[in-house]
Amino acid sequence: MPSETDAGPGLAERYFWAGHANPWSVWTFVATYPLLVLAIYRREQRLLAAILVFVAVNPLLSPEPEDDSAWATRVVLGERVWLDEGLLSSVSNLLFVGICAPVQLYTLRAAMKRQPARTAAGTACSLVLMFVFFGRMARLYEERATGSREMTTV
């Protein structure tokens, strides 16, 4: 499943992407987003620090998945495809990220200003957009994986 060069997998592949493709890693990342917003809103430095440490070590704690059968695994593998092809390779994905970024910034700003309704609405919108992005990445991976299989069977 991991892409390897002649020299073998790089550090990022070995220590980040392989573990991050584990569904447990993906779903715990998703769960930490509302906690991150809460930590900023409540100005809880310990919680914020714990979340940042968790996000940093989470992929290191997760074993590489055995296959790509889990949707969350395909999401991460699709993200890898997107990054490998270059962020500018898909105008629609680039535009989508351009829409998501202001929503994320709005949410974090609302949390810093302790605006509860705006923080809650921004968090909800951010999570919805996150899942739309996930769907796009899973489809990208599936399209590339299907194309690769068709090319090898011809």
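Which residue forms a salt bridge with Glu143? The partner is Arg144, and the closest N and O atoms of the pair are 3.6 Å apart. A salt bridge here is a side-chain nitrogen of Lys or Arg within 4 Å of a carboxyl oxygen of Asp or Glu.

Some ground rules come next. This is a predicted model, where local features need pLDDT of at least 70, side-chain atom pairs count only at pLDDT 80 or more, and totals for chains, interfaces and linings use all residues. Residues are numbered from 1 along each chain as its sequence is written, and side-chain values use heavy atoms, with hydrogens and water left out.

Now stay with Arg144. Its side chain also meets that of Glu85 in a salt bridge, at 2.7 Å from N to O. This pair links distant parts of the chain. Arg144 lies in helix H6 (residues 116-153), Glu85 in helix H4 (residues 71-85), and 59 residues separate them. Helices are DSSP runs (H or I, at least four residues), numbered from the N terminus. Together, Glu85, Glu143 and Arg144 are linked in a network of salt bridges.

How exposed are these residues? Arg144 has a relative accessible area of 33%, so it is partly exposed. Glu85, at 37%, is partly exposed too. The term covers values between buried (under 20% relative accessible area) and exposed (over 50%), using a 1.4 Å probe and protein chains only.

Turn to another pair. Arg42 and Glu44 join their side chains in a salt bridge of 3.2 Å, N to O. Arg42 is partly exposed at 46% relative accessibility. Glu44 is partly exposed at 31%. Across the whole structure, a search finds four salt bridges.

Key
Helices (H or I, at least four residues) and strands (E, at least two) are DSSP runs, numbered from the N terminus.
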